[in-house]
Amino acid sequence: MTLTNTTPRPLIAGNWKMNGLSAALDEARAVAAELDRQPAAARVAIFPPATLLHRLAEAVEGSFVLTGGQDCHDKRSGAHTGDISAEMIADAGGTLVIVGHSERRTDHGETCQHVAAKTEAAIAAGLEPIICVGESLAQREAGEAVAFVVGQLRNSLPVSLAGKTFNVAYEPLWAIGTGHVASVDNIVEMHAAIRAELIALFGEDGRAVQILYGGSVKPENAREILAAPEVGGALVGGASLKAKDFLAIIEAA
Ligand code: PGA
């Protein structure tokens, strides 16, 4: 990809989910070392489990690798056993946070209203959020995918995002961890609908928001996906766990 001053650098985000013990820090170190040797066109971020965030942030400090949390609470602090605030993520060295991932929406019953509140908390803590949206297979088969995702997006974005830096990730549920990647046509159609909604909500600022695709992104399909119109990066799960695969995706951007 040829970058001009007006083309934002794509964001390649690695979501480790509930994977990774101490030894996994070596994968992050390997990514950082390779990017030091050969700087990438993309911005690169790793989202480890919360237990590794601080150590990972220290391990990649001074490198091109950014890091962040996989979720945050909507309150700054308090009696919320097991939760982590946006401020804690920033304190641990994170600069970004994923909110509204479908696994959070499904496993923890997070509604769009929760996601919007978490996004507000992320912005208040100075983090750059990645807000996730995506339809189920049943919704796609019923022809409701675009309407559902656009509605989910509208309800997950707080008005306070106006003028702030944030990203949206389109992740169809049926493509996550399944090996069934969405077709480029599906991706292009959905990203165009997301862009139109972002412009409707935020005016010209809506054009600057980067829209990531997520769902079975692999070294083999990354180049085609990342070259598609309105694809501003990728949110990568399984293929981000090994430095070699993740670097191949970064290199494709
Ligand atoms: P996957 O996960 O790349 O393993 O499909 C993507 C995600 O859920 O962010």
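Predicted model: local features only at pLDDT ≥ 70, side-chain atom pairs only at ≥ 80, totals over all residues.
Residues are numbered from 1 along each chain as its sequence is written, and side-chain values use heavy atoms, with hydrogens and water left out. Helices (H or I, at least four residues) and strands (E, at least two) are DSSP runs, numbered from the N terminus.

**Helix H5**

- Let's start with H5, which covers residues 112–124.
- Which residues of H5 are buried? They are Cys 112, Val 115, Ala 116, Lys 118, Thr 119, Ala 121, Ala 122 and Ile 123. Buried means under 20% relative accessible area, exposed means over 50%, and partly exposed is in between (1.4 Å probe, protein chains only).
- Those buried residues pack against helices H3 (86–91), H4 (102–107) and H7 (145–156), plus strands S4 (96–99) and S5 (128–133). Contact here means heavy atoms within 4.5 Å.
- After H5 comes Gly 126, with a positive phi near 80°.

**The largest pocket**

- A pocket is an open set of points on a 1 Å grid over the protein atoms alone, where a 1.4 Å probe fits, with protein on both sides within 12 Å along at least five of seven lines; lining residues have an atom within 4 Å of a point.
- The largest pocket holds about 630 Å³ of space. That volume is the space filled by probe spheres set on the points, which are joined across faces, edges and corners.
- Its lining has 23 residues, with Pro 49, Ala 50, Gln 70, Asp 71 and Arg 104 nearest the centre. Helices H2 (50–59), H3 and H4 are the elements giving two or more residues to this lining, and H4 gives the largest share, three residues.
- By type, the lining splits into eleven nonpolar, six polar and six charged residues. Ala, Val, Leu, Ile, Met, Phe, Trp, Tyr, Cys and Pro count as nonpolar, Asp, Glu, Lys and Arg as charged, and the others, Gly among them, as polar.

**Nonpolar cores**

- A nonpolar core is a set of buried Ala, Val, Leu, Ile, Met, Phe, Trp, Tyr and Cys residues joined through side-chain atoms within 4.5 Å.
- The largest one has 63 residues, and Ile 12, Val 31, Phe 166, Ile 194 and Leu 198 have the most contacts inside it. Helix H10 (residues 243–252) supplies the largest share, six residues.
- A second, separate core has eleven residues, including Leu 11, Phe 47, Ile 98 and Ala 169.

**Single residues to look up**

- Most residues other than glycine have a negative phi.
- Ser 216 is not a glycine, yet has a positive phi of about 60°. Ser 216 sits in the loop between strand S7 (210–214) and helix H9 (219–227) and counts as buried because its relative accessibility is 9%.
- Glu 230, also not a glycine, has a positive phi of about 70°. Find Glu 230 in the loop between H9 and strand S8 (233–236); at 33% relative accessible area, Glu 230 is partly exposed.
- Is Thr 51 buried or exposed? Thr 51, in helix H2, is exposed, with a relative accessible area of 67%.

Conventions:
Expected span 1.5 Å × (residues − 1).
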